[in-house]
Amino acid sequence: DNRHLTVSGAESSGDSFFARGTVSFTSGANEGRMAEIKLHRARAAGHLIELWQPAAFAVVPGDQLRLR
C-alpha cells in the first residue's frame, strides 16, 4: 500500500525522528508531491515510514525522497 514505505539513507536517525514531519518526493510518479509522516521506525533493513494519507501513486524501488 502507498502509506507504508521502507527507505534507506537515514541510518543516523533513531525511532520517531521524522514522525510528524514530511516526505517530499523528488523522483518517480509522485515527484513534486509532499505527504505528512505519521510514524517513523528505525530498522536494520531500512526505516519504516507510515504516512497519514497514502501517496497519490505507487512508490517503487529507486524513487527518491526527502524526509524532514
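Modeller: Happy to! Helices and strands here are DSSP runs, numbered from the N terminus: a helix is H or I over at least four residues, and a strand is E over at least two. The model is predicted, so local features need pLDDT of at least 70 and side-chain atom pairs count only at pLDDT 80 or more, whereas totals for chains, interfaces and linings use all residues. Residues are numbered from 1 along each chain as its sequence is written, and side-chain values use heavy atoms, with hydrogens and water left out.

Let us start with Ala 42, which sits in the loop between strand S3 (34-41) and strand S4 (47-51). To say how covered a residue is, we use relative accessible area: buried means under 20%, exposed means over 50%, and partly exposed is in between, with a 1.4 Å probe and protein chains only. Ala 42 has a relative accessible area of 26%, so it is partly exposed.

Who are its partners? Two residues are in contact when heavy atoms lie within 4.5 Å. Setting aside neighbours within four places in sequence, Ala 42 is in contact with Ser 13, Gly 14, Asp 15 and His 47. By comparison, the C-alpha atoms of Ala 42 and Val 59 are separated by 19 Å, although these residues are 17 apart along the chain.

Now follow the chain to Ser 16, in the loop between S1 and strand S2 (22-25). Ser 16 is partly exposed, because its relative accessibility is 39%. Its backbone deserves a look. Most residues other than glycine have a negative phi, and most peptide bonds are trans. Ser 16 is not a glycine, yet its phi is positive, at about 70°. Arg 20 lies in that loop between S1 and S2 too, and Arg 20 also has a positive phi of about 70° without being a glycine. Arg 20 counts as exposed because its relative accessibility is 77%.

Two rings come next. A pair of aromatic rings is described by the distance of the centres and the angle of the planes. Rings of Phe, Tyr and Trp (its six-membered ring) pair if their centres lie within 6.5 Å; planes under 30 degrees apart count as stacked, over 60 as edge-to-face and the rest as tilted. By this rule there is one aromatic pair. Phe 17 and Phe 18 form it, edge-to-face, with 4.9 Å from centre to centre and 85° between the planes. Phe 17 is exposed, as its relative accessible area is 58%, whereas Phe 18 counts as buried at 9% relative accessibility.

Val 7 belongs to strand S1 (residues 4-7). Leaving out neighbours within four places in sequence, Val 7 is in contact with Gly 46, His 47, Ile 49, Leu 65 and Leu 67. Val 7 counts as buried because its relative accessibility is 11%.

Beyond residues up to four places away in sequence, Leu 5 touches Phe 25, His 47, Leu 48, Ile 49, Leu 51, Val 59 and Leu 65. Leu 5 and Ala 45 are 40 residues apart in sequence, and their C-alpha atoms are 12 Å apart. Gln 53, in the loop between S4 and strand S5 (65-67), has its C-alpha 12 Å from that of Leu 5, with 48 residues separating them in sequence. Gln 53 is exposed, because its relative accessibility is 58%.

Finally, let us step back to the whole chain. The secondary structure comes to zero helices and five strands. The radius of gyration, taken over C-alpha atoms, is compared with a globule rule of 2.2 Å times the number of residues to the power 0.38. The chain has a radius of gyration of 11 Å, close to the 11 Å that the rule gives for 68 residues, so it is as compact as a globular protein of that length. Its C-alpha trace spans about 30 × 20 × 20 Å along the principal axes. Of the 68 residues, 32% count as buried. Among contacts with a separation of 6 or more, 62% join residues 24 or more positions apart.
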